[in-house]
Amino acid sequence: MLNPYSPFRQPIHASKGMVATSQPLAAQAGLFILREGGNAIDAAIATAAALTVLEPTSNGIGGDAFALVWTEGKLHGLNGSGRAPRLLSRDALQGMGISEIPSKGWVPVTVPGAPRTWADLHQRFGRLPFHQVLAPAIEYARGGYPLSPVLAHNWKRVIRAYASNTSEEFKGWQQTFTPEGFEPRAGQLWSSESHARTLEAIARSQAEEFYSGDLAKRMDHFAKDTGGFIRLEDLALHKSQWVQPISVDYMEHQVWEIPPNGQGIVALEALNILKGFELPKHREDPEGLHLQIEAMKLAFADAFQHVGDMEHVDVPVQKLLSEEHAAARRSLISGQAWVPEPADPASHGTVYLCTADGEGNMVSFIQSNYMGFGSGIVVPNTGIALQNRGHNFNLVSGHPNELKPRKRPYHTIIPGFLTRGDEPVGPFGVMGGFMQPQGHLQMVLNTLNHGMNPQVALDAPRWQWTSGLKVEFEAHMPRHVVQALQDMGHQVSVLADSSAFGRGQIIWRDPKTGVLSGGSDGRTDGQVAGY
């Protein structure tokens with residue numbers, strides 16, 4: 001992949017509205033809704049629905065979603081993640097001889113939350129009719145579109161990985177995403193009539209068809225026929241949850257995340273630890289990067305120990321984000337790398353988008369099937385690719401993230417938002433599994449510590465802690481910096497492919513003029529569209 005870090009890439013500016021996401025046609029879908037009179041919430045829903053068609057390698061109708069919405073002078077949080085089916089439990093899996101939750105097939109499938117998230121956002125904050133908001137997605141699904149380069153590359157890679165999935169539950173995926181005569185390459189046309197019909201049913205019913213109508217019955221029947229756990233009652237019981245966003249203060253700003261079961265708390269705790277240090281002025285100073293990596297490892301160690309579904313367990317959010325806890329964790333950081341607790345934060349597929357309108361509304365929205373196409377299961381003739389979020393559960397008795405019926409797993413996807421006092425600065429996000437809080441941390445530091453504009457902040461070289469002492473760097477990170485970190489005890493890998501380091505979007509608003517400034521990550525096909 002080409003080096004995205006270029007001084008010639010600059011942010012896009014607009015005043016009436018803006019959409020930033022990882023696929024250009026999806027950004028245009030959201031912009032179209034803005035120009036039709038929709039607000040930023042309508043545009044976010046339109047973009048999210050379009051992305052299930054335009055970037056199915058990273059998300060789908062059968063995935064989850066989260067949103068942070070700034071409107072009427074307040075930030076609102078929506079947790080749209082789904083729960084484990086009632087029939088899925090640790091005891092049930094152990095009775096089947098399963099000791100570790102797989103990443104493919106029916107076992108990791110949790111209830112899809114994305115369609116309900118769209119409907120709930122629209123019901124509370126939307127302006128245009130729901131069917132009008134979903135119309136661009138339906139048009140792309142029915143009429144087709146040409147694949148963009150990164151999308152085609154990811155699609156081809158997944159086809160190779162799925163070649164051995166030949167059992168009955170995987171046939172729907174093959175029929176939908178590898179139709180006869182189709183080869184995923186840039187410029188190749190792809191369409192899905194079944195996807196279009198499903199989106200039409202969601203549009204005309206405000207998603208009720210998906211959770212209690214014919215679509216729900218088809219999911220139920222397919223699960224029963226092919227060994228799945230999800231049932232009609234699981235779908236009918238699903239609800240999104242409006243939540244109070246959590247935050248920490250950092251350099252006269254407030255950084256906001258969705259509370260657990262998401263991992264946004266990791267980024268906040270790491271920032272809280274770092275604000276007790278005087279970070280070097282130069283972004284790529286090895287001492288500063290060392291402190292960031294060590295703070296991130298400590299925050300992940302706490303999250304892996306404590307984060308779970310707050311409807312089932314007591315997650316000590318206030319303690320983890322307290323100044324006392326930050327000071328205690330900060331005191332453990334020395335000049336040498338160390339391992340506070342082993343874990344394996346690998347990277348996976350997700351889509352992120354952000355929108356803004358001329359009235360002051362702004363949305364940070366993230367949506368995912370996890371691990372690319374998700375579980376590999378597509379309900380036949382529906383286009384519903386089911387997520388594999390249950391893979392993040394564990395089977396450790398008594399653990400906050402232990403698999404239980406009707407429980408939500410530790411969730412990697414997190415939307416971010418930045419404010420200053422009572423004023424919004426704007427939405428931001430970085431996709432990519434456990435890279436996400438690490439990307440959030442780096443975007444905030446790039447912006448507030450180093451004064452970077454949105455585009456440069458996104459394109460600057462990134463690092464990613466993966467496990468133990470292992471840290472990965474992009475190839476355009478200066479070599480002397482990488483060597484210095486290796487001398488501090490980090491086990492360093494330099495990757496030529498930037499796909500492991502996430503893909504982000506940012507929109508900031510100038511508080512004086514209202515002008516919007518947006519950036520889209522050079523690591524993907526994305527675009528900032530404004531007017």
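Reader: Where does V53 sit?

Author: V53 is in helix α2, which covers residues 40-54. Helices here are DSSP runs of H or I with at least four residues, strands are runs of E with at least two, and both are numbered from the N terminus. This is a predicted model, in which local features need pLDDT of at least 70 and side-chain atom pairs count only at pLDDT 80 or more, while totals for chains, interfaces and linings use all residues. Residues are numbered from 1 along each chain as its sequence is written, and side-chain values use heavy atoms, with hydrogens and water left out.

Reader: Thanks! Is V53 buried or exposed?

Author: V53 is buried, because its relative accessible area is 0%. Buried means under 20% relative accessible area, exposed means over 50%, and partly exposed is in between, using a 1.4 Å probe and protein chains only.

Reader: And how far apart are V53 and V307?

Author: Their C-alpha atoms are 32 Å apart in space, and the two residues are 254 apart in sequence.

Reader: Back to α2: at what angle does it cross α4?

Author: Roughly 165 degrees, and the axes of α2 and α4 (residues 114-125) come within 9 Å. Axes are lines fitted to C-alpha atoms, for helices over the stretch in contact, and the angles run from 0 to 180 degrees between N-to-C directions. The two helices are therefore roughly antiparallel to each other. For angles, under 35 degrees counts as roughly parallel, over 145 as roughly antiparallel, 65 to 115 as roughly perpendicular and the rest as oblique.

Reader: Is that crossing left-handed or right-handed?

Author: The crossing of α2 and α4 is left-handed. A crossing is left-handed if the near helix is turned anticlockwise from the far one by less than a right angle, and right-handed if clockwise.

Reader: What about α12 and α16, at what angle do they pack?

Author: About 45 degrees, with the axes of α12 (residues 264-274) and α16 lying 8 Å apart. That makes α12 and α16 oblique to each other, and their crossing is right-handed.

Reader: How many residues of α16 are buried?

Author: 14 of its 15 residues are buried, so α16 is mostly covered. Helix α16 runs over residues 435-449 and reaches 20 Å from its first C-alpha to its last, close to the 21 Å expected at 1.5 Å a residue. The expected span is 1.5 Å times one less than the number of residues. After α16 comes G451, with a positive phi near 65 degrees.

Reader: New topic! How many aromatic pairs does a search of the whole structure find?

Author: It finds 23 aromatic pairs. Rings of Phe, Tyr and Trp (its six-membered ring) pair if their centres lie within 6.5 Å; planes under 30 degrees apart count as stacked, over 60 as edge-to-face and the rest as tilted. One of the pairs is W155 with W190, edge-to-face at 5.2 Å centre to centre and 70 degrees between the planes.

Reader: Which parts does that pair tie together?

Author: W155 lies in helix α6 (residues 149-161) and W190 in strand β6 (residues 189-190), so the pair ties together parts 35 residues apart in sequence. Both W155 and W190 are buried.

Reader: What kind of pair do F300 and F304 form?

Author: F300 and F304 are stacked, with 5.3 Å centre to centre and 20 degrees between the planes. They are four residues apart in helix α13 (residues 286-306), so about one helical turn separates them.

Reader: Which residue lies over the face of W242?

Author: R124 does, at 4.4 Å from the ring centre. A charge sits over a ring if NZ of Lys or CZ of Arg is within 6 Å of the ring centre and within 35 degrees of the ring normal.

Reader: Last one: what is the phi of M251?

Author: Phi of M251 is near 50 degrees, a positive value in a residue other than glycine. M251 is in the loop between β8 (246-250) and β9 (253-257), and counts as partly exposed because its relative accessible area is 44%. M371 also has a positive phi near 50 degrees, and is in the loop between β11 (362-368) and β12 (378-379). At 15% relative accessibility, M371 counts as buried.
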